[in-house]
Amino acid sequence: MSEPIIETDALGRDFSVRDGLRRRTVVAVDDLSLRVEAGESVGYIGANGAGKSTTIKMLTGILVPTRGAARTCGLRPVADRRRLAREVGVVFGQRSQLWWDLSVRESFSILAAIHGLSPERERRRTDELVERLEVGEFLGTAVRQLSLGQRMRAEVAAALLHSPRLVILDEPTIGLDVLSKQRLREFLLAERAAHDTTLLLTTHDMGDVERLCDRVLLVDRGRLVFDGTLTGLSRTVGAQRVLVVDLAEPTPDLAIADTEHLGSEAGGLRQRLAFDPEHTTAARVLAAVTERVEVRDLAVEEPDVEDVVRRVYSARGR
Amino acid sequence: MTSVGDLAAYRAVLASRMRSQRTYRFNFRLDLGSSLLVGIVELAEVAVLYTSVHRIGGLDLSAVLLVFGLADLTYSIADLAVGHCDTLPTYLRAGTIDVFYLRPQPLLLQLITSDISLRRLARAGVGLAALVVGLVVNDIDWTPGHVAVLLLAVPCGIAISAAMYVWAAGAQFFLVDGAEATNAFVYGGRYAATQPASVWARPLQALFGFLFPMAFTGYLPTVAVLGLSGPAWLPAWLAWCTPLAAGWVWLLALGSWRLGVRHYQGAGG
Ligand SMILES: Nc1ncnc2c1ncn2[C@@H]1O[C@H](COP(=O)(O)OP(=O)(O)OP(=O)(O)O)[C@@H](O)[C@H]1O
Ligand SMILES: [Mg+2]
């Protein structure tokens, strides 16, 4: 049971790209060594072009690594690609694995045949996914006629139809509205709880990471620069938290020790104060505010992780 | 290395493809009609040429009908079965090929069974008609040897033609806009195969006689069953080596495919 579900050792991949007349080598992933245990839920984040998709393609046997080695579900991704395909479910937000001219139902039944599911298992799993992802209302619709949100739900169901142990999602929430994102996240949480699935997802939406992941891997130009929890990530870069207070009466900008005043709204009825959790606490800041003015309501905003990523990058001289 | 279970997978995909083609009945008939027309025009070209010249490269019209029939029938069947390989560049450019990598079947079989163009049946019909006529109008000595040559020629011819699509598909992984480059060989080979190999220019002899052994699909079996000797560089007895030619070109095809799959660069995203 102690075998990791993903393990890479100094994994790297180069691309040779044409640059005018000359050829140039792009190092997409370099010296990547990581270990993910079964049952974990990992957010794989980084800026555009950091190498996230390339890593996923190497983990699933689509791309052959230039250097190093990877093992996914204990298998060699390229050499054991076909066996691995039975253990992993992958969603590429930008690609479809459904048949555009077929209905969602037909696509599912073809995929069931592709994975060799017994009729009984196919029915049970399809029913489960259709219900949890609310796919029922458009089961009979041709894929090409689905809205983006509907299609993504169908894609996720399609990737999970064979009950994979490891689910890899490359930007699953791209382009979705708030409600659709919410639904998809809830589904993934429920799926994880029910089947103990391991989750690896890349995203630019930090809400995904906050809601879904208990571990964060941050890549910068193909290299792993952080591995830990989201709070740990915020702490390493000294990310500030923000206290938002709604006041009983319009008040001039508050000046509180150890905080930075970020702004006032509604003539001073709502004010935003940033503080560093290393130096003070939300309770202490709140106490200082209530000393001066009556507080009606309050909220503490967690750091924006996009901002955290930017800070990590700039700390690394980018 | 394909298990019985996988057959259900291919069948499911193909059945859905066929269903969707028959949904557009009118288009389907139009396609069928136009591909029939193309086949007839090609056959007519041969007929017109031979009625004015009578003999080319030691073959008369009825003999050439047999060459055409064998080569065209086997090629059309190969085209029906694996011709879909030539959409690979589209899959590569769009990155949709990634999806094949995520499924537990061999990539090549997935590609081949990802679609089927039933209209290509019409083409095979023309080839079959030419072959039947060719067998009737020629004065064939029906010895067991000649029957064996013909019985070998059909499956091997299909295999050789199919291999042409496969090596070309493998090459697509390396080439940008590679279809143009490989089509010259794939479709050039198809055309050359319907002509008497005895009149081919020297470079063609090497290219389609041996490297891509298209001469084995129509010309060689024809000269063998008609009791002709064939040119010095391609003696009629080589017709017995048709299975070898098929084996060779499949080696080439699978090698090309394997290299291609390993070389795959992905399409960003
Ligand atoms: N097929 C390819 N050919 C050439 N270069 C490529 C290819 N695929 C990726 N790259 C390059 O490799 C680097 C990493 O790309 P990758 O797609 O892995 O980034 P990513 O982290 O997924 O980015 P994004 O967030 O934009 O999806 C980029 O510089 C990209 O240009
Ligand atoms: Mg990406």
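Which residue stands opposite V167(A) in β7(A)? The residue opposite V167(A) is L199(A).

## Basis of the model

This is a predicted model, in which local features need pLDDT of at least 70 and side-chain atom pairs count only at pLDDT 80 or more, while totals for chains, interfaces and linings use all residues. Residues are numbered from 1 along each chain as its sequence is written, chains are lettered from A and ligands numbered from 1 in the order in which they are written, and side-chain values use heavy atoms, with hydrogens and water left out.

## The sheet

Two strands pair if DSSP finds at least two bridges between them.

Within chain A, strands β6 (residues 166-170) and β7 (residues 198-202) run parallel and are joined by five bridges.

## The ligand site

Ligand 1 has 19 residues around it (a heavy atom within 4 Å), and G49(A), K52(A), S53(A), T54(A) and H204(A) come nearest. The site is shared between chains, because residues from chains A and B surround ligand 1. The largest share of the shell, three residues, comes from α1(A) (a helix is a DSSP run of H or I, at least four residues).

Polar contacts are pairs of N or O atoms within 3.5 Å. An oxygen atom of ligand 1 lies 2.5 Å from a polar side-chain atom of T54(A), and a polar side-chain atom of N48(A) is 2.9 Å from an oxygen atom of the ligand.

Note on methods
Helix = DSSP H or I, 4+ residues; strand = E, 2+ residues; numbered from the N terminus. Polar contact = N/O pair within 3.5 Å; in protein donor to acceptor, adjacent residues only side chain to side chain.
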